[in-house]
Amino acid sequence: MRILSLRMKNLNSLGGDHFLDFSTPPLSDAGLFAITGATGAGKSTILDGITLGLYGKAARYGNTSNPEDMMTRNTGHCLAEVEFESGNSQYRARWELRRAKEKPDGNIQPVHRSIAHIGGTILAEGVKSTEDQVSQIIGLDYQQFIRSALLAQGEFARFLKSNDGERSNLLESLTGATIYTRIGAQVYQQNKSMGEQIAQTRKQLALVQTLAPEELQEREQTLANLQKEYTAGEKQKKELEGQLNLAKQLHQVMEDERTALHNLEQNTLQNQAFQPKAARLELHQRTQELIQPLTLFESREQTLEQTRNLVDHAQQALVHAEKEWERIQHSYHFSLQAAIAQYREKIQHYQQQQASMESQAAEQETWFKEHQSEANLVQDQTILLQLLVDYDKNRIPLDQLTTRWNKTIENLETARENLKLPGTEGRDEPGDLSRTELSLTHCQDLLAQAISDADAAKEHLELANQLQSLAGHRHLLNTGEPCPLCGSLEHPNPLDPEPRDQRQDLKDRLTQAEQRVKITEKILTQIKDARDQLAELGEEILTYRKILEEIGKQITSGLAPYGLYLPEGEGQIHELGKTIRLRVEDYQKRTQERENLSARIQQFQHEILITRDGLDEITKERDTYFTSQPPGDQGPESPPPLSEARKTYASGKNTLTTAQTTLTERTKALESAREQQQAGWATLEQALKNSSFATLDELKNARLSQGEYENLKDEQKNLQDGKTRAQTLLESSIKKKELLLTQGAREDHQPEEMQKKLSILETDLVNLVRKQTAIESEMENHHRNQNQRERILQELADLEDQQTILSRLNDLIGSAKGDRFRKIAQAITMEFLIANANSHLQKLNDRYLIIPKNPDTLDLEIEDTYQGGTHRPVESLSGGETFLVSLALALGLSDLAGRNVRIDSLFIDEGFGSLDPDTLDTAISALESLQQGRKNIGIISHVELLKERISTQIQVEKRSAGTSRLLVKT
């Protein structure tokens, strides 16, 4: 896998567009190139861009997917695009993040990811599908890629000097071998679970019971006997049901016969009782020939009576209408008078209101003349408020940056005091880090002195060890004979006391010196980190200060015409904005009030004109209807409204006219009704003379009402229908009885007794069915349990076969915490890692080899080939030697992680600062040898000597406002 190019936009300090082409000169020809730049400039962001484009994760953010914080501040769009080669194909992987409408303050939108052939089709889009496709094409997942292509040798420096337990955890973290721990624990748990499952299956088998063969045969015989008995009972039941059915039908027919005879007797008695009513009905039917003249006469007589009543009502209504008309005229006149008075009062009220409004308008005009500048404030409000918002928006991050600056200064002062460094007086200010740089120089001097003291203590201890080993040979020295070791003829006096063993004191001195080295290195790192943080913070603080100064000048010049100024207090910006808004609101409110006053004055003038017109119309209306005062000295206490009085006046007049007209019409109708009634009586009188009725009263008495007539007719019909039904039922019953007797029905069979016998027989059959069901259920349970036992026995055999395999596997690698398999896997991994690392270490420094100290642990030691294969602890390595060994381990892990994938692009992050010039030259030569296999190697560093040694460089150059740019130089 080879990286061809990297395109980035707005990633951290690398704001804007950046492009690195690794497939063309000079980077393609160099093979080994350096990535250089000041601390915090953005060197590591290049690695972040590579992992973002490929896997959607930034190397420095761990496993966090699609980190939003990667986007450069105050931008709305960022991307990382990597073109790479894998196998014989070339691909382009893209990661892109946007804010809504690409505005800096917009909401973060979903990440867009894709991978495609360069110049070809898109292979996948979307976060998950793209990640899967990239891993499949490269052959490495994210963790494998960063272990094989991004070499953080600092982790291996810590790996070298850790104890056994820490080294085990680091090895898992570096190699991703945590899966072996999970596998070992899972094997143990599965074996344990399998044993529990087998025990549970055996318990389950013991609970399944079946019948013995003789019990099964007995139940089959019983079931056959019950079936025979049930068949005989069913046959008897069918015969009994047939006899019961005939008995019920015969019983019902005989009952119907008795009912028909009884109904015929009752019908005869009812006909005898109905005879007087029949005569009354016949007399009524003879009146039907006179019904027309009688009805006509009665109708006209009724009309005459109704007309008399209507005339009386019309006379009463006319009297009432005349009295009401007099009252309505009086009320109408006083309503007109009251309306005229109201109009005059309304005109006076409007005139008073108009005068008051004109006075207020004059006061408003005086205020506007005194505050003419407020009109400009209304126009400038938006600009001034936006400037205040911008000022406050930039002041808040400045305060936050200042707080972080002060905190960093405090941490720096604490570090200085721990070493009692000079130059701690005063505080650095943004743009001036001279005190911090001076402290850094002093700390580096102290570190060099501490290392020198440690080396001296180590040499003294080695010398003391040699002296102590030689002290035992003093008794072999002879006067005048040369020393067999040094050849000297002068020897110590054998009688002199043995020199004091100073090795413990020297060991203590060495321990103290090494402790000072560690403390000084730690504090040096703290000072470097603080310096880098202060440099970055200082640039941002100066930038925000300049922005605030420019905005402050604009605000001050904008506020001056209105007697306002920019406050110094933290919370006063909001108060100033509130003051501006209140003054603008007051001006706008007064402007609106002035417009409202002018409109209301015009409205009152208009109302006065309209009211005067209304007064004239009402006065004219009063003079038109009433030329003089209507009767009555006083009007009502509360005269009705004029509109209501007008309606009442018109309605009363109409009512009076209607009453007069109605009385006249009804008087004429009364005369006509009298004439019609007399003509009807003449016709009826002539009809009576030609009928069987002597008088009108006799005719009326013979007539029945319609209800009486219909009731008698219904009663007569019901008697005739009842007789017909009874005769029909009697004839039908006799025929059915004769038919049932021929079918075998017997009159001595009682249905109730036969029903009891049938119920007893049915109960016996039900009991037989229950017995059969119970035996069948028991046999069904037997067969089901027998099948279940066979299934459980087969399942138990399968489980025991599986446990045999699991038990053997558990004996080999299983454990409750998974540590057994982890140790096996780590031992094998360590063996391959050491072999790969030693292969690289021979190229870096052929003096040393990494060897395991104990085959049962992960402890390491160093074999010194220059000292006859002497074994040394890794702690005895100098800083430069430690770097070379850890670099060899990192390269070995890269070979191990990418053993199935060819990795042609490597990046090594920092660590070269501890190397002397010769060792650095050796390391670079070894790395250059890797490029012979088409590898491109990038080294991230700020070591000046390395910059001189490696001519091809990607320089990350800091610019203003905390951003950087990329330059490729040779």
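**Strands, helices and a buried glycine**

Tutor: Leu849 stands opposite Glu863 in β10; the model discussed here is a predicted one.

Student: How do you know that β9 and β10 are joined, and in which sense do they run?

Tutor: Pairing requires at least two bridges, and five bridges join β9 to β10 (residues 860–864), the two strands running antiparallel.

Student: What is the order of the strands in the open sheet of three strands?

Tutor: The order is β9-β10-β11, and the pairing is antiparallel.

Student: Why do β9 and β11 stand at the edges?

Tutor: Each of β9 (848–852) and β11 (870–873) has a single partner strand, so one side of each has no neighbour in the sheet. From one strand to the next, the twist averages 40°.

Student: Which helix lies across β9 and β10?

Tutor: Helix α19 (residues 819–844) does, running at about 175° to β9.

Student: What makes strand β13 largely enclosed by the rest of the structure?

Tutor: A residue is buried under 20% relative accessible area. Five of the five residues of β13 (residues 936–940) are buried, so the strand is largely enclosed. Asn936, Gly938 and Ile940 point one way, Ile937 and Ile939 point the other way, and all are buried. In a regular strand, side chains alternate between the two faces of the sheet.

Student: Which strands pair with β13 in the parallel sense?

Tutor: Strand β3 (residues 32–37) pairs with β13 in the parallel sense over four bridges, and Ile35 has Ile940 as its bridge partner in β13. Strand β12 (residues 905–909) also pairs with β13 in the parallel sense, over five bridges; there, Ser905 has Asn936 as its bridge partner.

Student: Why does Gly53 count as buried?

Tutor: The cut-off is under 20%, and Gly53 has 1% relative accessibility, so it counts as buried. Gly53 belongs to helix α2 (residues 43–55). Beyond its neighbours within four places in sequence, Gly53 is in contact with Ala80, Val82, Ala93, Arg94, Trp95 and Arg113. The C-alpha atoms of Gly53 and Leu6 are 8.4 Å apart, although 47 residues separate the two in sequence.

Student: How do you know that the span of helix α11 agrees with its 46 residues?

Tutor: At 1.5 Å a residue, α11 (residues 374–419) should span 68 Å, and its end C-alpha atoms are 63 Å apart, which agrees. Lys420 follows α11 and has a positive phi, near 55°.

Note on methods. Residues are numbered from 1 along each chain as its sequence is written. This is a predicted model: local features need pLDDT of at least 70, side-chain atom pairs count only at pLDDT 80 or more; totals for chains, interfaces and linings use all residues. Side-chain values use heavy atoms; hydrogens and water are left out. Buried means under 20% relative accessible area, exposed over 50%, partly exposed in between (1.4 Å probe, protein chains only). Contact means heavy atoms within 4.5 Å. The expected span of a helix is 1.5 Å times one less than its number of residues. Axes are lines fitted to C-alpha atoms, for helices over the stretch in contact, and angles run from 0 to 180 degrees between N-to-C directions.
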